[in-house]
Amino acid sequence: MPVLELQGVSQEFGGLRALDSIDLQVEQNSIFGIIGPNGAGKTTLFNVITGIYPPTEGRLIFQDQPIAALSSHKVARLGIGRTFQNIRLFNRLSVIDNVKVAANWNRSAGLLASLLGLPSYSREQSQSQEKAEALIDMMGLYAKRMEYAQSLSYGEQRRLEIARALAAVPSLLLLDEPAAGMNSSEKLELMDLIWKIRDDMQLTILLVEHDMHLVMNICEQIAVLDYGRKIAEGDPDAIKRDPRVIQSYLGVER
Amino acid sequence: MLWQQLLNGLTLGSTYALIALGYTMVYGIVQLINFAHGEIYMVGAFVGLFLVITWDVNLGIAMVGAMAVCMVLGVLVERIAYRPLRGKSSRLSPLISALGASIFLSTLMALIAGVNTRRYPAVVDLSSYSLGPIQVSSMQVVILLVSAGLMIGLQFLVRRTRIGKAMRACSQDLDAAALMGINVNRVISYTFAIGSALAAAGGVMVGVYYNAVWPYMGTMAGLKAFAAAVLGGIGSIPGAMLGGLTLGIMEIMGVAYISSSFKDAIAFGILILVLILRPQGILGEKKNKKV
Amino acid sequence: MRQLEQWITGIIDPYYLRIIILLGINIIMAMGLNITTGVTGQLSMGHAGFMSLGAYTSAIVTLKLGAPFWAALLAGAAVAAFFGFIIGLPALRLEGDYLAIVTIGFAEIVRVFFLNFEPGGKAVGLSGIPQQTSFTLVMITTIVVIFFTQRLLSSRIGKAMYAIRENEIAAEACGINTTHLKVLSFVLGAFLGGLGGALYAHYMYYISPQDFDFMRSIEILNMVVLGGLGSIPGAILGATILTILPEMLRVVAEYRMLFYGALLVILMIFRPNGLLGNIRLYDLLKPKREREVKPCQS
């Protein structure tokens, strides 16, 4: 059963068609890759899925629920977490607060409970503290948990963004160019991390990535975008052989 | 009555438009509300007054002198209060710095010239002519003609000259313009200089027209002119002109037909409504947020 | 409580007493603006508008309705909070600079309204307001306000407000209802502004629209900016400096605003986060050797 389904999704910006009737089915528990040249509409696709732009046309179904009309935070609360291509952390919050603030908002103590320190609030505080510490530990950031996010190195910031996305216990995780700016050993670690997240947390991962080696190695299914259209979809071997893909993308890069 | 109010509104509106142009040009390029712009206008009015009193010059020379002084002042304010902040801190910092510059300038003028309202000696003959049912004063003619002339000049500058093209390039995309070899700092200085000169011309003319110049005259005029710029669509030069005229006419009409005691509230009421209903203004373009 | 009050007024010089009371009121209002602007990052340049609503509402409640003081305080704060809600709504559609203008416009409209408001005495203002704001009351209120603000800012709602300031799109993507919290930040800020205004009215005996002009808004904003946007000790420090300094500079009172203006520019250039912005107890307590290794922050 697909966890996420896109039916004829299009997105226009003042006459420019950034996405052109995209159909996509992302299977439960899979690692799904989206590739394509710059400006193909990959990040726009993520923005449409996460409710930053409502799609001009088409239907988005997440776990049997239409999400196209929902605002960004509602999509997040339903269980879609994401990272950003250009890292967007809460720079002047500590590492641990970056993660804690993202923990499940569905059942959160209200304003009065927080002000008065009611039991529901204290319980929530200690739970989210434990969970956040565990996530930060998993990302190897425990020693830096009290530092400001802005003082972390680039690679650490990328990992913190993943930890933050996981804090809300999503069932679908969107990673926007997670390997950007990493060297090859960091990329290997990242691949292990992505597998580990998928297996430990039983979630589905949708990722946009330029690094072909990484995509071909970890993705079970790949869709190729070009000028806002989906030009191919299949497993890594099929994609490598697809003539249109080679012509428009792979051929240029290799 | 209606035509008379329309003429008065048009006169007031063209002075708003002159100030609004400075706001909109600066905003178009550096996305900053230059709060000190109203004070530049006030300084312009005082420099004009000073020239008229000290050397008994005519209105034209007083205006040119005020424009020259304010060009320098505008560039200085940008150098001292805005440039050190550009591109390195949050959006809030330059705004607060601008506010500081504005308070500094008006208080400084209050210390130099005193807080009392000064009057212009008669520089133009204040007779008025009857044109059918309406009375036209010679100062109104001067304001309308000079404003129109300056705005046409500005259009020519922005459309036809090299620096104008550089300005338009910078307002499209500052980083890309810099990569194309445009000296961005120079363009920004020019923008501040031109905007300040227009405001100074407005200041002198308003000082003569209402026969009143005081150190805090820039605050309200500046806020209203900014309202006009937003009304027309901030970043758009024709928008600032249109917004200024619209605001001037609406304010005069409001005073004439509703109540004069709510004069200052009318401009802001309109502004808030516009921002809520059509945040991009009359002529502004809607922008998609970048992610 | 009355005995305590008598004892205190007996030992503290009335001049200092007055400064301390005004300081408490300023801290309360700075706490409010700090939530809206410092923490949530929604620039409000019209805090005097909320103060004015609180002052007039409470004064009218005690003068015209003869209601008890606590009811007047509550009414003033509640009316201000209601307008905070109204002003918070455009905040949802507007980005920083536009919002600043809307808040200025709002405060200006409030001022013009009271200039023409018959029950408020129009331009003359209201006088004869019973002086019920006592030293003890201001101190207790200030401490309670600081306590609850601290509570709020260390809670998840508070952290989410910081997150909105830092990166709104990412905050949404984390499931934070930015709409809801931005309006809440305005309501809370306005509530404290109104409370401060109500205390002010019942201390000063006399209020007029001129007490709540644009410069007053700027003064409160200055307190928050000077001390450090988003920091509670910062807002307290800022309020303290800007309450006491003008008293010390009384001889050169005309230069006060000149100094304020220059201060804002210089602060933004050299310490855009304010005196205490970005400094946490944690950093100060860290052993020195560890601090030296830490990479420098930009």
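How are H2(B) and H3(B) oriented to each other? In this predicted model, local features need pLDDT of at least 70 and side-chain atom pairs count only at pLDDT 80 or more, while totals for chains, interfaces and linings use all residues. Residues are numbered from 1 along each chain as its sequence is written, and chains are lettered from A and ligands numbered from 1 in the order in which they are written.

Helix H2 (residues 37-55) and helix H3 (residues 59-82) of chain B have axes that come within 8 Å and cross at roughly 140°; helices are DSSP runs of H or I with at least four residues, strands are E runs of at least two, and both are numbered from the N terminus. Axes are lines fitted to C-alpha atoms, for helices over the stretch in contact, with angles from 0 to 180 degrees between N-to-C directions. H2(B) and H3(B) are therefore oblique to each other, the class left after roughly parallel (under 35 degrees), roughly antiparallel (over 145) and roughly perpendicular (65 to 115).

S6(A) runs parallel to S7 (residues 172-176) of chain A, joined by three bridges, and A:Gly81 stands opposite A:Leu173 in S7(A).

How values were computed: Two strands pair if DSSP finds at least two bridges between them.
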